[in-house]
Amino acid sequence: MFQRRYFATAIAILFVLSVLAGCTSNSTDSSKSSSSSSDVVELKVWLTPQWKGVLDASEDGADYDSFFKHAGERFAAEYKEHNVKVNVEVIAGEQRDELLNVNLNGGTPPDVFFESVFAMGDYAHRGALVPLNDIVDEQSKKDIAQGYWDSVTFGEDVYFFPFSHNPGTLAYNADMFKAAGLDEYIGGEYEIKTWTLADYEKILNKLKSDIPKDQYSNAYPMGLYALNNQGDTWNLAYLRMFGNPFFDNNGNLIIDDANGVKAANWLKKIYDDGLTNPGVESVSSNDVNAMFQNQQLAISFTNAILFNNAKADMESGKAPKFDIRLANIPSESGDPLSFTYVTGATVFDTKDETRIKVSKDFVKFISTDAELVKASKNGVPVRTSVANEFKSEKPYFEAYSANDPYMFNFTGNVPGYSQLRQVLYPELQALYTGGKTAEQAVKDYETKGNEVIEESKADSVIYKK
């Protein structure tokens, strides 16, 4: 009797021990065993529409959130420190600031936002973003040209991890050049042609005199616009043509010097000489782009997105077909004036140390993973390695990369840049209508612009450091 009880008790104990052993074994199989479902770190990732698909828009079901959903799934599977869920939301560009401000005021900002630095820089000054210095690796510093790092650095800190960019250049109608006898100034099909300023003036004057009127009626050499702040980046470049640096080391405008005045006088002269479209003060950048596509302008502004869209419109029959090529904005020094819109991910200060840490790790993951960074080919890669890998497939990449050493930071990363944009175009309007001299327009722009910057500096965490 005793033996039977002892045997039964022993069996029961062995059973319990085996169950406990099994539980222990199962809990140690996972590297994330310490986290239960309630310990999942959820990241809210926002982006404005950038590209469709993970690596290519031809993928089945390609959409604007495809890349970040794929990256989020990979990150969650590979991340060792926490169980993670990445929630992706595409935000319309025109709703971006409204939604961000509502969520910031409510204490519920997104963890990560992927967007153009140009559109998001003021959030760094507001203290809404956290620095990313600690996730920037040496390999990325070597692979990404310094000009891109300058664009994402506010004060001494990096606030965006560069991923891709959208370079701005000029576009020209090579057929109109040929018709005007300007064959020698036409670059290769995949070249960004660099003209000297003297050459450029010859080109404009010859286009005015020698464009065949029977072939191109009501056509003008170059497009200019000053209706509003749209496309103002090219106007900022033109004002740098004679060497003015635009900003000093303290983030103040210094356009009111001999070189700044010289640039403004140059713009007024080519307008008065009929080398541009008329009525510049009431013409928008969209108007100029449409005129160029309809072959009413020989030279216009463009960026990589606009350029690809223009070619697509030609192929689809939406716009007249012609030989469209690229050129750099010229300068008196002979070096090209090169600028770009850098896109990348930034991390908002959610006041949650764990989420901030995981968010930074996610940003580093999408910005450095050998396969994920290839998605930057949907724009123009900031990484030299990616540009070189895809240059046979995307031949303009090599030409864009050649401009890297000549890049200038058009915003200066100054506080209040969005308000500063509202100051420029009224001065340009006054310049073109004759309401102000070049000297007065430049002086007033600097004075009013620096008032905006100084007021914004008072609220900038960057300048309070």
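## Polar contacts between the domains

Across the interface of domain 1 and domain 2 in this predicted model, the rule finds eight residue pairs in polar contact, both residues at pLDDT 80 or more; a polar contact is a pair of N or O atoms within 3.5 Å, where within protein one must be able to donate a hydrogen and the other to accept it, and residues adjacent in sequence count only if both atoms are side-chain atoms. On the domain 1 side, α4 (117-125), β11 (339-347) and α15 (396-402) each supply at least two of the residues that touch domain 2, with helices (H or I, at least four residues) and strands (E, at least two) taken as DSSP runs numbered from the N terminus.

## The two domains and their interface

The domain assignment, automatic or from a database, gives domain 1 (41-166 + 340-406) and domain 2 (168-338 + 415-455), and their C-alpha centres lie 30 Å apart. In contact (heavy atoms within 4.5 Å) are 13 residues of domain 1 and 23 residues of domain 2.

Between them the domains bury about 1700 Å², 57% of it on carbon and sulfur atoms, where buried area is the accessible area (1.4 Å probe) that two parts lose on being put together, summed over both. In domain 1, Asn166, Tyr396 and Tyr406 lose the most area to domain 2, together 38% of what that side buries.

## Confidence and conventions

The chain averages a pLDDT (the predictor's confidence in each residue, from 0 to 100) of 92, and 92% of the residues score at least 70. Over residues 1-31, however, pLDDT stays under 50.

Residues are numbered from 1 along each chain as its sequence is written, and side-chain values use heavy atoms, leaving out hydrogens and water. Local features need pLDDT of at least 70 and side-chain atom pairs count only at pLDDT 80 or more, while totals for chains, interfaces and linings use all residues.
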